[in-house]
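Good morning, everyone, and thank you for making the time. Please have a look at the sequence and the structure, and I will then talk you through some of the details.

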Amino acid sequence: MSLYRDEGVVLRTQKLGEADRIITILARRTGKIRAVAKGVRRTTSRFGGRLEPFTHVDVQLHTGRTLDVVTQAETIRPYGEALASDYPRYTAGSAMLETADRLTHGEKEPALRQFLLLVGGLRTLAEREHEARLVLDAYFLRSLAVAGYAPALEACAKCQAPAIRAFAIVAGGVVCGACKPAGAVVPAGETIRLMTALLRGDWATADASESRHRGECSGLVAAYLQWHLEHGIRSLRHVEREPV
């Protein structure tokens, strides 16, 4: 029996049989893991609530033929407890978990930067220092950048001209007037500056932004993310947006 240990964040769970669950974890060293937690749905389970979504957990597993099996689990930080009583933060966190799952395609392929971004995003949500949707948009932009899909925000995505006129998802970000394709939108300059601040972690600028620019930013970031994932993020329909 091959044992290994890692720390990770529980992304989702799925019922298996009468008492078991399949747990999907994004782990620091191993990457995405799908493993069986046996008996976890019983009230007498030794795992208790340690293998629920949002939980940062230290786990020991043994390698199975199709799915690994969780043998030990210790909570590092239960982010779900901090978010459960705050609907905007809980739904933003749910969208983070779903996005992390979608952006880490293969199982057991190291994804350290995605893991660190997810932990950092959940911690920032739990600490409540910044508005929930700003934290979520920052997480979306940075996780896309790690995956190689960072939007161009300072020069035309096609010709690198500095005079930007619009934002075009299919072009990869901002574009100049000459490169502007059909369907491109023309956001406020403050909206692009907000996106840049969120990508860079400039919270002073982001926190000082106006509600209408936050709303426009959220719409662009969500559309850009889902276009690159080629699939909608179901959790986003529950996320509360800033009014435009």
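This is a predicted model: local features need pLDDT of at least 70, side-chain atom pairs count only at pLDDT 80 or more; totals for chains, interfaces and linings use all residues.

Residues are numbered from 1 along each chain as its sequence is written, and side-chain values use heavy atoms, with hydrogens and water left out.

Let me begin with the helices, which, like the strands, are DSSP runs numbered from the N terminus (H or I and at least four residues for helices, E and at least two for strands). Two packed helices are described by the angle between their axes and the distance between the axes. The axes are lines fitted to C-alpha atoms, for helices over the stretch in contact, and the angles run from 0 to 180 degrees between N-to-C directions.

Helix α2, residues 87-103, packs with helix α4, residues 132-146, at an angle of about 10°, and their axes are 9 Å apart. The two are therefore roughly parallel to each other, where angles under 35 degrees count as roughly parallel, over 145 as roughly antiparallel, 65 to 115 as roughly perpendicular and the rest as oblique. On the α2 side, the residues making this contact include Pro88, Arg89, Met96 and Leu103, and on the α4 side they include Val135, Tyr139 and Phe140; contact here means heavy atoms within 4.5 Å. By class, the residues of the α2 and α4 contact divide into 12 nonpolar, two polar and one charged, with Ala, Val, Leu, Ile, Met, Phe, Trp, Tyr, Cys and Pro counted as nonpolar, Asp, Glu, Lys and Arg as charged, and the others, Gly among them, as polar.

How does α4 pack with helix α5, residues 189-200? The angle is about 70° and the axes are 8 Å apart, so α4 and α5 are roughly perpendicular to each other. Among the residues that meet there are Leu134, Asp137 and Arg142 in α4, and Leu194, Met195 and Arg200 in α5. The contact of α4 with α5 has eight nonpolar, no polar and three charged residues.

Is α2 itself enclosed or open? Of its 17 residues, 13 are buried, so α2 is largely enclosed by the rest of the structure; buried means under 20% relative accessible area, exposed over 50%, and partly exposed in between, with a 1.4 Å probe and protein chains only.

I turn now to the aromatic pairs, of which the structure holds three. Rings of Phe, Tyr and Trp (its six-membered ring) pair if their centres lie within 6.5 Å, and planes under 30 degrees apart count as stacked, over 60 as edge-to-face and the rest as tilted. Tyr139 and Phe140 form a tilted pair, at 6.4 Å centre to centre and 50° between the planes; Tyr139 is buried at 3% relative accessible area, and Phe140 is buried at 0%. Phe167 and Tyr224 form an edge-to-face pair, at 6.0 Å centre to centre and 65° between the planes. Phe167 lies in strand β6 and Tyr224 in helix α7, residues 211-229, so this pair ties together parts that are 57 residues apart in sequence.

Finally, some single residues. Cys156, in the loop between α4 and β6, is buried, with a relative accessible area of 0%. Leaving aside residues up to four places away in sequence, Cys156 touches Ala161, Ile164, Val174, Val175, Cys176 and Cys179. Gln160 lies in the loop between α4 and β6 as well, but Gln160 counts as exposed, at 53% relative accessibility, and its phi is near 70°, a positive value in a residue other than glycine. Glu230, in the segment after α7, also has a positive phi, of about 60°, and counts as exposed at 73% relative accessibility.
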